[in-house]
Amino acid sequence: MLRLDEKLARIRSGDYRKGDFVIADAKDGDMGPSIKSCGPHRNADGSPGAFRTRPEFLDSIEAIVAQDVVDVMLTSVSNLEALQERGVYGSSRVTPAIRANDTTDVWVFRGARYASQPSRPFRSANLAEAKRLGCDLGLYSITFNNDLDADYLSLEHFAAFRADAQANGFRYFLEVFNPNVDCGLSAEDIPGYVNDAMMRCMGGLSRRERPEFLKIAYNGPKALEELVSYDPSVIVGVLGGGAGTTRDCLELIAQIERYGARVALFGRKINLADDPREMVRLMRAVADGEIGSEEATRAYHGTLQSKGITPSRPFEQDSQITEAVLKSAA
């Protein structure tokens, strides 16, 4: 049994303990931002250089899997295939996962304007092909926009996906973004709207049809605690959002674990770090309660200094909490 399955089983049974917090690395950006999602090379002075190539990006994924700290590695089907050809998952306890759909609100490559319109469902991935490549777990994404036609279409496609997943013995976790366009709601009303929309669409699903866990934006302690307490059978995870500072990343881990989330799925916060493996190591330490976010940020910069890596931000700046939702609960 892979480590993810062991952790999910303990969480569902009410036996959550230190070390059971699930960390997933979201390296699926080629399905959205495309080339720029590989991240830039770092110049000697810490400034960003040219974007990494796909082979270099695959090297970085392989290094994270070999580190054996994350529990899930999320990629595109094409990169899953390349990693399997390299034998990356051969004896690993890290679970491979694929982005199972790519709605239009993640089409944020250079010059694109698609994300300025209400999200539309779209799916590139073939589940049977992903299963053939040794993967039985995928991310399915929905964005509710308080738009009857758009949301109705999204839910119809979600139903079709669930039938396809069941037919192929394929598991999934459900990502629900905040609205990607103005939906006529105030910022204060959006957390409740998203919680209700998500739980409403899951209300008609049997246990066998439900996702393994959720992936949502962190809308603050109140919204997260409401969601976690509403249905204890649902495991709640939080997405990372923008890169932010190192303190933002580590403080987000600390807060979501404190308020009941049991999964973190971070992409840019890992991929754009000056030292991704050190960031992952400290994410695990913070999630396990071994160190606080401020102390962990200081330790991170100490590691950069010992390796001769010039940070992209000085410690004084990188140790600040800059995301508003985190400031309010720090």
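Let's start with α6 and α7: α6 passes α7 in a right-handed crossing. A crossing is called right-handed if the near helix is turned clockwise from the far one by less than a right angle, and left-handed if anticlockwise. Before I go on, this is a predicted model, so local features need pLDDT of at least 70 and side-chain atom pairs count only at pLDDT 80 or more, while totals for chains, interfaces and linings use all residues. Residues are numbered from 1 along each chain as its sequence is written, and side-chain values use heavy atoms, with hydrogens and water left out.

Back to our pair. Helix α6 covers residues 190-203 and helix α7 covers residues 221-230. Helices here are DSSP runs of H or I with at least four residues, strands are runs of E with at least two, and both are numbered from the N terminus. The two axes come within 10 Å and cross at roughly 20 degrees. Each axis is a line fitted to C-alpha atoms, for helices over the stretch in contact, and angles run from 0 to 180 degrees between N-to-C directions. So α6 and α7 are roughly parallel to each other; the cut-offs are under 35 degrees for roughly parallel, over 145 for roughly antiparallel, 65 to 115 for roughly perpendicular, and oblique for the rest.

Which residues of α6 and α7 meet? On the α6 side they are P191, N195, M198 and M199, and on the α7 side A223, E226, L227 and Y230. Contact means heavy atoms within 4.5 Å. By type, the residues of this α6 and α7 contact divide into 6 nonpolar, 1 polar and 1 charged. In that count, Ala, Val, Leu, Ile, Met, Phe, Trp, Tyr, Cys and Pro are nonpolar, Asp, Glu, Lys and Arg are charged, and the others, Gly among them, are polar.

Next, please look at α10, residues 276-287. Its axis and that of α8, residues 246-258, come within 9 Å and cross at roughly 30 degrees. That makes α8 and α10 roughly parallel to each other as well, and their crossing is right-handed. From α8 we have T246, C249, L250, I253, A254 and E257, which meet M279, L282, M283, V286 and A287 of α10. The residues of that contact divide into 9 nonpolar, 1 polar and 1 charged.

Helix α10 also packs against α2, residues 54-67, at an angle of about 35 degrees, with the axes 10 Å apart. The crossing of α2 and α10 is right-handed. A63, I64 and Q67 of α2 make the contact with P276, R277, V280 and R281 of α10. Here the residues divide into 4 nonpolar, 1 polar and 2 charged.

Staying in this part of the chain, D275 sits in the loop between α9 (268-271) and α10. Is D275 buried or exposed? Buried, because its relative accessibility is 6%; buried means under 20% relative accessible area, exposed over 50%, and partly exposed in between, with a 1.4 Å probe and protein chains only. Setting aside neighbours within four places in sequence, D275 is in contact with Y300, T303, L304, K307 and I309.

Now for strand β10, residues 263-266, which holds A264. A264 counts as buried, at 0% relative accessibility. Not counting residues up to four places away, A264 touches F21, V22, I23, A24, V238, I253 and I256.

A word on backbone angles. Most residues other than glycine have a negative phi. S34 has a positive phi of about 70 degrees although it is not a glycine. S34 is found in the loop between β1 (22-26) and β2 (40-42), and is partly exposed at 30%. D68 has a positive phi too, near 65 degrees; D68 lies in the loop between α2 and β4 (72-75) and is partly exposed, with a relative accessible area of 37%.

Last, the cysteines. How many disulfides are there? The count is 0 disulfides, taking a disulfide as a pair of cysteine sulfur atoms within 2.5 Å. The sulfur of C135 is 19 Å from the closest cysteine sulfur, in C38, so the gap is too far for a bond. C201 is in no disulfide either, as the nearest cysteine sulfur, that of C183, is 16 Å away. C135 is buried at 1%, and C201 counts as buried at 8%.
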